[in-house]
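Here are my notes after a pass through this one, in numbered points. Have the coordinates open while you read.

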Amino acid sequence: MVEFTKFEELDDRDFFVAFVEEYYKSGWPAANKAGGAAVALEGDLINLAYDTYQLSLQSYKVALHSKNPDHYKRAGALLHALYKTQPIVSISWGADVERLLNAENVGVSYDDAQHWDDFVSWWDQYSNYVMAFDLAFRCCQVYEDAARPYDKDVLDNMAYYMAENTNINVGSFVTILKAFMAP
Amino acid sequence: MTRTDNQTPATSSGDKVVRACPNNGLKQPVLRFEETFSAETVVLKAFFSEK
């Protein structure tokens, strides 16, 4: 089990790759069990995310006397790197979900099929963005005095923002995180 | 804005520091990762809660 305790750990490539891979695959045990989804990741893209993350950090370091970007900048850089590289390359659904998606199958109501279609469509479309936001937001929260809960409206807005805009910069993510977290 | 890193000198006039990068350093972590809020909670509530 790869445990994140502080941002400095992400400066190690092996830790970064292992942490992202493990979180994307098994960071949501209850939801994965209920939803029956399994993601496939591309290792090269996670390595590229590490390079992108480090490049963003270096850009901040040259502008800072402290040479030590705070957690908003690091979390923003992490979110940006994962948003850019999108390491989830495919999602597989269990046989149960495939069955529940079709209302013509025995024992599946129209409402059942509609509900599962909503979930599968949402996850197919937004999984990369939602996982990237979740991971970066959680790492950022580690440095706050209390957990910062949010609702689905926030999550949907973030996912939609990332899906509709292909060239969001690190500063925008930093601003969003700081605006949400800072007292 | 409160500076979190008082060890490093404040920026003086003419320094090549952009305003988007206030000179804050990284603080010490407060929470454990497991104690943070996860989007999984949102997803479970939105799609898999008992109505």
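Predicted model: local features only at pLDDT ≥ 70, side-chain atom pairs only at ≥ 80, totals over all residues.

1. Now the overall fold of chain A. You'll find 8 helices and 2 strands, and along the sequence they run α-α-β-α-α-β-α-α-α-α. The C-alpha atoms fill a box of roughly 65 × 35 × 30 Å along the principal axes. A compact globule of 183 residues would have a radius of gyration near 16 Å, and chain A comes out at 18 Å, which agrees. Buried residues make up 36% of the chain. Of the chain A contacts with a separation of 6 or more, 74% are between residues 24 or more positions apart.

2. Which of its residues are buried? Val170(A), Phe173(A), Val174(A), Ile176(A) and Leu177(A) are. They sit on the same side of H8(A), because they cover an arc of only 165° around the axis. As for what covers the buried residues of H8(A), the list includes helix H3 (43-61), helix H4 (71-85) and helix H6 (110-141) of chain A.

3. His80(A) ties in with that helix. His80(A) is in helix H4 of chain A. Why does it count as buried? His80(A) has 25 C-beta neighbours inside 10 Å, and the cut-off is 20 or more. Not counting residues up to four places away in sequence, His80(A) touches Ser56(A), Val170(A) and Phe173(A); Val170(A) and Phe173(A) are among the buried residues of H8(A). Phe15(A) is another matter: His80(A) and Phe15(A) are 65 residues apart in sequence and 18 Å apart in space, C-alpha to C-alpha.

4. Tyr129(A) is in helix H6 of chain A and counts as buried, because it has 21 C-beta neighbours inside 10 Å. Tyr129(A) touches Tyr83(A), Met158(A), Ala159(A), Met162(A) and Ala163(A), again setting aside residues up to four places away in sequence. Take Ala159(A): it is 30 residues from Tyr129(A) in sequence, yet their C-alpha atoms are 5.4 Å apart in space.

5. On to the contact between the chains. How many residues does each chain put in? Chain A gives 35 residues and chain B gives 30 residues. On the side of chain A that touches chain B, the elements giving two or more residues are helix H2 (29-35), H6 and H7 of chain A. H6(A) gives the most, with 6 residues. By type, that side divides into 18 nonpolar, 7 polar and 10 charged residues.

6. Finally, two backbone angles to look at. Most residues other than glycine have a negative phi. Lys67(A), in the loop between H3 and H4 of chain A, has a positive phi near 55°. Lys67(A) is exposed, with 12 other C-beta atoms within 10 Å. Gln86(A) also has a positive phi, near 50°, and lies in the loop between H4 and strand E2 (88-93) of chain A. With 17 C-beta neighbours inside 10 Å, Gln86(A) counts as partly exposed.

Definitions and conventions. Residues numbered from 1 in each chain as written. Chains lettered and ligands numbered in written order. Helix = DSSP H or I, 4+ residues; strand = E, 2+ residues; numbered from the N terminus. Arc of directions from axis to C-beta. Contact = placed C-beta atoms within 7 Å. Nonpolar A, V, L, I, M, F, W, Y, C, P; charged D, E, K, R; others polar. Rg over C-alpha atoms; globule rule 2.2 N^0.38 Å.
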